[in-house]
Amino acid sequence: MIELKHVSKKFGSLTAVDDISLKIEAGQFFGFLGPNGAGKTTTIKMMTGLYKPTSGQCLISGYDIHTNSLPAKRSFGYVPDQPYLYEKLTGREFLYFVGGLFHMSAESIKRKIEEAVDLFELGSFIDKRAEEYSQGMRQRIVLAAALVHDPRVLIIDEPMVGLDPRSMRLVKDTLKRKAKEGLLVFMSTHLLDIVEELCDRIAIIKTGRIIHEQVQNEAMRFNGQLETIFLELTK
Amino acid sequence: MRELLLVLNLKSASFLKGLFLLDIRAFLKVFSTLLIFGGFSFGVFFMARSVTAYLLDVAHIGSFLLHRFLSMALYVFFVTVNVGNLVVCYATLYRSKEVGFLISLPISHAKVFLLRFVDNFFYSSSTLALIGLAALLGYGSYFDMPWYFYFFTVFFVFLPFMLIAGVIAVVTLMGLIAIAARIGVRWLLGSLVVVYLSAVYMYFRTTNPVQLVGEVMKYYPDVNKYFGYLDPPLMRYLPNHWVTEFLYWSVNGNYERATPWFFLVFLTMVGLMAVAGLAARRFYYRTWLVASDVEVMRGSKGPGQRISIMQFGKRSRVAGVFLGTNPQTEALFKRDFWMFFRDPSQWLHFLVMVLLIMIFLVSLGSLDIQIDQPLMRTVSFLVIFLFNGFFIASVALRFVFPAVSLESDCFWSVRSSPLELRKLYFHKLGYAFALILVTVEILVLGSTTVRGDDKVLTAIAALCGGCVALALTSLHLGAGTYFAMFKEKNPVRVASSHGASLAFLGSMLYLAIVVGVLIVPLHRYFEISFLLGQTIPAWLYLPVGVVATISLLIFFVSTRLGLSSIQRDF
C-alpha cells in the first residue's frame with residue numbers, strides 16, 4: 001500500500017509538489033500523469049527517500065519512508081527515470097549488488113537472475129559491463145534489479161523511455177502479470193495508450209497539485225478518451 | 001571565431017552565475033573558499049620570503065645556488081602541472097560528453113580542442129598557479145622588486161611556463177592515444193609511469209645538487225658570482241632553467257641578460273601553442289575517434305575477474321574474514337573493489353603512490369640522519385613527519401575525497417535500498433582509515449628505524465601518525481561528501497575540484513598546527529636527551545594529547561558534516 005498525506009516539496013521559493021494526498025491499495029496498477037515539470041519525478045523521489053518532503057508523510061506498506069525508512073525500503077522496488085548503472089560492473093554483478101543490499105542470499109539472487117535472464121531476454125549481455133549497454137538494455141537491467149527481491153510495491157518513473165517495441169511489450173507483459181499476482185505498481189509516464197492498456201486507476205498532476213483522479217474498470221473504461229481528458233485538463 | 005567566442009561567453013556567464021548566487025549557503029561557500037585560499041596564499045608568500053631570506057642571509061648560499069634550487073623546484077612544479085594536465089585532459093578532451101556535443105556542431109575540431117584545453121588548463125592548474133604566484137610574490141618582495149617585474153613575470157614568464165607544461169601534456173596525450181590503439185592502454189600507461197619517474201630521477205642525477213653545492217662552496221664567501229659553466233648542457237633546453245635565468249638576472253638588476261630568457265619562455269609558449277593548434281587540426285578528431293573506439297572495445301573480462309574470492313555470488317572463507325556475514329557489507333565491498341580495479345586511473349595512481357612510498361623508504365635508508373644536534377634532530381624528525389603527513393594528505397585527497405562522488409548517478413540504487421546511509425558512510429570511512437593507517441605506520445616505522453629513534457619516540461611517532469591518519473581520512477571523506485559531484489565520473493576531476501582544493505588546504509593547515517604543537521616540546525626532549533643522556537617522555541605526553549584532541553575534533557566535525565551531507569536530497 002502507498003499512502004501520501006498532504007505531501008509538499010519546496011525548492012527555495014518554488015513549490016514543486018503542493019499538498020498531495022493519495023492512497024493506493026495492494027494489487028492496483030496506478031498511472032501518474034502530468035505534463036513536463038508538473039512534479040511527477042519529485043513526488044516519486046519523495047516516495048523512495050531520495051528527497052525529503054518539506055511537509056507531509058509518505059507511507060509505503062504502512063511505514064513512513066523518512067522516519068522508518070528501512071522496512072519501507074525493503075517493501076518496494078524502484079525504477080528511476082534515467083537508468084543509471086555502475087559503468088564498470090556487469091549487469092549480473094549489479095543484480096548481485098542490489099540483492100546484497102536487500103539482504104538476499106547468493107543462492108536466491110542467482111535464482112532470480114536466471115529468471116530475469118529469461119523474462120527480460122538479457123542473454124549474454126548480462127555479463128558485459130554497463131558501459132557497453134544501450135538505453136533499452138539498461139532499462140531492462142534496472143527493471144530486473146527492482147524486482148530481484150520480490151517487492152510488494154513497484155515504483156516506476158517513465159519505464160518505456162528508450163525501449164524498442166519488443167522490449168516495450170516485454171515490460172508491459174511483465175508488469176501486467178506482476179500486478180495480477182498482487183504487486184502494487186505506481187507508474188509515472190507520458191505514454192497515454194500504455195496507461196489505458198495497463199492502469200486501473202490514474203491521477204493527473206499539474207503544477208504540483210493533483211487535478212484529476214479516475215478509476216478504470218469493467219464498468220468504466222477510458223476507450224481512447226484519456227488523451228482528450230489529459231489535454232483538456234493540462235492546457 | 002564567432003562560435004568560439006559564443007561558447008567562451010556562455011561558459012564564463014555560467015561560471016559567474018555560479019559564483020554570485022544570492023543565497024546564504026553559496027555566499028558562505030565563496031567566503032570560506034576566499035578565506036582559506038587567501039590564508040594559504042599568505043602562508044606560501046610568507047614561507048617563500050622567509051626561505052629566501054634564510055638561504056641568503058643566514059645560510060649564505062649565494063644568489064646562484066638559490067636560483068639553482070629554485071630551478072629544481074620549478075622542474076618539479078613543471079612536471080606536476082604537466083602530469084596534472086595529462087591526466088585531466090583525457091577526461092576533458094576525450095571522455096567528456098560536452099566534446100561529443102561540440103563535435104556534432106559545425107565548429108572546427110581545432111576550436112573544440114582549444115576550448116577544452118583552456119577549460120582543462122584552468123581547471124587542473126588553478127591551485128598550482130595560486131601557489132606559484134604567492135611564492136613569486138614572496139620571493140620578489142625579498143628583493144624589493146618593482147611592480148612591473150611582477151606584471152611581466154606573471155603574464156609573460158610564469159603563466160607561459162605553466163602553459164608550456166600544459167601544451168606539452170596535451171600534445172603528448174594525442175600521440176599516446178594514437179599509440180594506445182596499437183599497443184593497448186595498460187602497457188602504455190605503465191610505460192608512461194616509468195618514463196616520468198625516470199625523467200625526475202635522471203634530472204636530479206644530472207644536476208647532482210650535492211656536487212653543485214660542493215663546487216660553488218669552494219669559492220666561499222665569493223658565492224654571489226655567476227657559475228653558469230657548472231650547469232650540465234642539458235639544462236639549457238629545459239623551461240625551468242629559462243625561468244630561473246630570467247629571475248636570476250632580473251633580481252641582480254641586469255635586465256639586458258634577463259630579456260633573452262624572457263623572450264625564450266614567451267615565444268616557446270607561442271610556438272608550442274601554434275604546434276598544438278596544427279596538431280589538433282590534424283590529429284584531434286582522429287584521436288578522439290580512436291579514444292571512443294577504445295572505450296567501446298575495452299574487454300569486459302577485466303584482470304580482476306580471475307580473483308575468484310571477490311566474485312559476486314561466490315563466498316570463500318578468506319573473504320568471510322574481511323567481510324563478515326552481512327550481505328550488504330559484502331555487496332558494497334565487492335562493488336568498490338571491482339570499480340576500483342577496473343578503472344585504470346584508479347589502480348594506476350594507486351600503483352604510483354605505492355612506488356613513491358617504496359622510493360621514499362629506500363632513499364631514506366641511504367641517508368645518514370642520525371644527527372647529534374638537538375635542533376637539527378628536531379627539524380629532521382618534523383620534516384620527515386611533515387613529509388609523511390603531506391603524502392597521506394595527497395593519498396586521502398586522491399582516493400578518499402572522491403569516495404562518495406564515485407557513487408555517481410547510480411546512487412539511486414543505494415539510496416532507495418534498505419541500507420542505512422550512516423552504515424555506508426562508516427563503511428567508506430572504515431576501509432579508507434584502515435588502508436591509510438597501515439600506510440602511515442609503514443612510513444613512520446620506516447623513518448624511525450632509519451633515524452635510530454628510541455622506543456618512546458617511535459611510539460610517539462606511531463601515535464601521532466595514527467592521529468594524522470584519522471584526522472585526514474575523516475576530513476577528506478567529510479569534505480568529499482559535502483562537495484559531492486555525483487555527475488562527475490572521473491575521480492581525478494573530483495580530486496582536483498575546488499572542494500578538493502579546500503580540503504587539501506585544510507589538511508595542510510592541520511599539519512602545520514600539529515608541527516607547531518610538537519616543535520618546542522620535541523626540541524626540549526632532544527636537548528635533555530643529548531645533554532643529560534636520558535629521556536624524559538613526560539615532555540611529550542601533553543603535546544601528543546593536544547594533537548590527539550585536535551585530530552578527534554576534526555574527526556567529529558568532519559564526520560558530522562559528512563553524515564548530514566550524505567542524507568541530502570539526491
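In this predicted model, helix H16 (residues 421-451) of chain B and helix H20 (residues 538-566) of chain B cross in a right-handed sense. The two helices pack at an angle of about 135 degrees, and their axes are 10 Å apart. Since angles over 145 degrees count as roughly antiparallel and those from 65 to 115 as roughly perpendicular, H16(B) and H20(B) are therefore oblique to each other.

**The contact of H16(B) with H20(B)**

- On the side of H16(B), the contact is made by B:Leu421, B:Arg422, B:Leu424, B:Tyr425, B:Phe426 and B:Leu429, while H20(B) contributes B:Phe555, B:Ser558, B:Thr559, B:Gly562, B:Leu563 and B:Ile566.
- Sorted by class, this contact of H16(B) with H20(B) has eight nonpolar, three polar and one charged residues.

**Helix H3 of chain B and its partners**

- Helix H3 (residues 62-95) of chain B and helix H9 (residues 239-251) of chain B have axes that come within 8 Å and cross at roughly 145 degrees, and the crossing of H3(B) with H9(B) is right-handed.
- Among the residues of H3(B) that meet H9(B) are B:Phe64, B:His67, B:Leu74 and B:Phe78, and those they meet in H9(B) include B:Pro239, B:His241, B:Leu247 and B:Val251.
- By class, the contact of H3(B) with H9(B) has ten nonpolar, six polar and two charged residues.
- H3(B) also packs with helix H5 (residues 109-142) of chain B, where the axes come within 9 Å and cross at roughly 155 degrees, which makes H3(B) roughly antiparallel to H5(B).
- The crossing of H3(B) and H5(B) is right-handed, and the residues that meet there include B:Leu66, B:His67, B:Gly84 and B:Leu93 in H3(B) and B:Phe113, B:Arg116, B:Ser124 and B:Tyr139 in H5(B).
- By class, the contact of H3(B) with H5(B) has twelve nonpolar, nine polar and one charged residues.

**Chain B as a whole**

- The secondary structure of chain B consists of 20 helices and zero strands, and buried residues make up 49% of its 570 residues.
- Of the contacts in chain B with a separation of 6 or more, 82% are between residues 24 or more positions apart.

**Aromatic rings**

- Over all chains, the count comes to 63 aromatic pairs.
- B:Phe152 and B:Phe262 form one edge-to-face aromatic pair, with 6.1 Å from centre to centre and 70 degrees between the planes.
- Because B:Phe152 lies in helix H6 (residues 147-183) of chain B and B:Phe262 in helix H10 (residues 255-297) of chain B, the pair ties together parts that are 110 residues apart in sequence.
- B:Phe152 counts as partly exposed, at 36% relative accessibility, whereas B:Phe262 counts as buried, at 13% relative accessibility.
- Ring pairs link both of these residues into a cluster, whose members also include B:Phe149, B:Tyr150, B:Phe155, B:Phe246 and B:Phe266.

- A:Lys9 is found in strand S1 (residues 2-11) of chain A, and it counts as buried because its relative accessibility is 6%, where buried means under 20%.
- Not counting residues up to four places away in sequence, A:Lys9 touches several residues of chain A, including A:Leu14, A:Thr42, A:Met46 and A:Tyr51, and it also touches B:Asp569.
- A:Lys9 and A:Met47 are 38 residues apart in sequence and 12 Å apart in space, taken from C-alpha to C-alpha.
- B:His476 has its place in helix H17 (residues 455-482) of chain B and is buried, with a relative accessible area of 0%.
- Leaving aside neighbours within four places in sequence, B:His476 is in contact with B:Ala393, B:Ala396, B:Leu397, B:Val400, B:Phe401, B:Ala503, B:Phe504 and B:Ser507.

**Positive phi values in chain A**

- A:Glu121 has a phi near 50 degrees, a positive value in a residue other than glycine, and A:Glu121 lies in the loop between helix H4 (106-119) and helix H5 (135-147) of chain A.
- At 36% relative accessibility, A:Glu121 counts as partly exposed.
- Phi of A:Asp150 is likewise near 50 degrees, again a positive value in a residue other than glycine, and A:Asp150 lies in the loop between H5 and strand S7 (153-157) of chain A.

Notes. Residues numbered from 1 in each chain as written. Chains lettered and ligands numbered in written order. Predicted model: local features only at pLDDT ≥ 70, side-chain atom pairs only at ≥ 80, totals over all residues. Heavy atoms only, no water. Axes fitted to C-alpha atoms, helices over the stretch in contact; angles between N-to-C directions. Helix = DSSP H or I, 4+ residues; strand = E, 2+ residues; numbered from the N terminus. Parallel < 35°, antiparallel > 145°, perpendicular 65-115°, else oblique. Left-handed = near helix turned anticlockwise from the far one by under 90°. Contact = heavy atoms within 4.5 Å. Nonpolar A, V, L, I, M, F, W, Y, C, P; charged D, E, K, R; others polar. Phe/Tyr/Trp six-rings, centres within 6.5 Å; stacked < 30°, edge-to-face > 60°. Buried < 20%, exposed > 50% of the residue type's maximum accessible area, 1.4 Å probe, protein only.
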